[in-house]
Amino acid sequence: MHADLYDNDDFWHYDDEPYSTSQARASSPSDDDDEDYSWETTNWYENISVALQVKNKNMQEGDDTERLLVSTEYIRADLVKTYARVELIDENNYVGRWQNRLPSHMADDIAMSSYYKPSTEVELWNGYNQVTGVFNGAPELNLNDLIQAIAQYNGMWRVLENFGYDDIEDKFVFELIDNPNEGVNQSTRYVQLNGATGVINVTPNPTNSALPHQAAVGRTPVVLAKVMNNGKVYAVGYIKIVITDNFDLDAISDIPTIVLDPFTLNCDAEYVFTDGNKLRADMDQVFNHERVKLGKDLFFDEYTGTITHSISSFVPAIPGNFANVTDFEFSYETYQDTQSGQLENYIEGTIKNTAPAGKYTIETTLSSQGYRPDIILTWELDVKLPAYNLTDNTAILSGNKIVVNPTILEQAGKTS
């Protein structure tokens, strides 16, 4: 059996073994080669048709060559599906990078730390914060949000939908792959997966569902992602899941907004924290937060960085004025040592007298050493213009008119 392929006006004929679709699937694109299937042709993925040719054994070699092979009609061959792949979505929206392409075969060592492609791992949190000891249940992860199907066209990787496969990205189906490793089946014991929706989470603790499933930490279940449409498989990729109990590092931003007393500008004004400001900026609300839960001494062991700030919004009192971040400073008005003798317990804000008048919303960030989430505090402040009244100087003004030469007494005011 032979296969004739033609691409636009080009006609190819294979005298050797046919390159069938099954052969193409068996020799899937190499993970080591960025230029998979770079055969010398143009528009390889468009208008490709195939015909089956059967050799007529009743014909002699010297007979009419047109009757030596009997051919079927040419039919459209959709070879894109042969070369499609599944990849983790790149945070910079790059498509087809080697490090993001999921393996298209189930390697024996895929669950091991020595696996050659750790960049295709996906972390799944079991919900336990190992620092604070808080467990609120295992959160769900939707694998659909992490992957996409791609194919190579004219040497360039593109999302599969760009080849005319409408809504193909909605066709992912998932299944857990048996992964007997270290004496247990890591896929079926430690995670539960909805194959239709792609939602996966760590299984509950088998003895007490109110407790985290710590035995799952470090396990590596494997999920097969398939792009399916009308019963056909367009692409496959194997996802290595790594279960962790790392605590949530998303920034803490739900501490109530600190509304400071207004600041009125004048030549000698200095912004001094009132007792009300000190109370609203009290550090206990930070120490006691459910995701912090640290005493003062331990807090400063973890949060060693300086306080940084940014202006998130500014409504100027005088149109056209702009806010300047350097007009503000924030610092801890408390010391680490609880027995230091320092009597204050708040974060202080300093405002320069050069700050343009207006309503400010400022965000300050308390940064940790990296093992705890940053803490974002939001501040609101109204910087006001001074109120003033002008009093006539009779030596200069007379009846709201300027005196032209005030050295001449009794001269009436003149209009300039």
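Two strands count as paired when DSSP finds at least two bridges between them. On that basis, this predicted model has an open sheet of 3 strands, running in the order β6-β9-β10 with antiparallel pairing. At the edges sit β6 (85-88) and β10 (156-159), each pairing on one side only. From one strand to the next, the twist averages 45 degrees.

Take a look at where β9 meets β10. Strand β9 (residues 147-153) pairs with β10 in the antiparallel sense, over 4 bridges. Tyrosine 153 has methionine 156 as its bridge partner in β10.

The structure holds 1 cavity of 30 Å³ or more, and the largest cavity comes in at about 40 Å³. Its lining is made up of Leu260, Phe328, Phe330, Gly349, Ile351, Ile362, Trp379 and Leu381. Three elements, β21 (328-333), β22 (346-351) and β24 (375-384), are the ones that give two or more residues to that lining.

What classes of residue make up the lining of the largest cavity? There are 7 nonpolar residues and 1 polar, with no charged ones.

## An open pocket

The second largest pocket has a volume of about 220 Å³. Around this pocket you'll find Glu123, Leu124, Trp125, Pro139, Glu140, Leu141, Thr244 and Asn246. Strand β7 (residues 121-125) supplies the largest share of the lining, 3 residues.

Sorted by class, the lining of the second largest pocket has 4 nonpolar, 2 polar and 2 charged residues.

Terms used: Residues are numbered from 1 along each chain as its sequence is written. This is a predicted model: local features need pLDDT of at least 70, side-chain atom pairs count only at pLDDT 80 or more; totals for chains, interfaces and linings use all residues. Side-chain values use heavy atoms; hydrogens and water are left out. On a 1 Å grid over the protein atoms alone, a cavity is a set of points where a 1.4 Å probe fits but cannot get out, and a pocket is an open set with protein on both sides within 12 Å along at least five of seven lines; lining residues have an atom within 4 Å of a point. Grid points are joined across faces, edges and corners, and a volume is the space filled by probe spheres set on the points. Ala, Val, Leu, Ile, Met, Phe, Trp, Tyr, Cys and Pro count as nonpolar, Asp, Glu, Lys and Arg as charged, and the others, Gly among them, as polar. Axes are lines fitted to C-alpha atoms, for helices over the stretch in contact, and angles run from 0 to 180 degrees between N-to-C directions.
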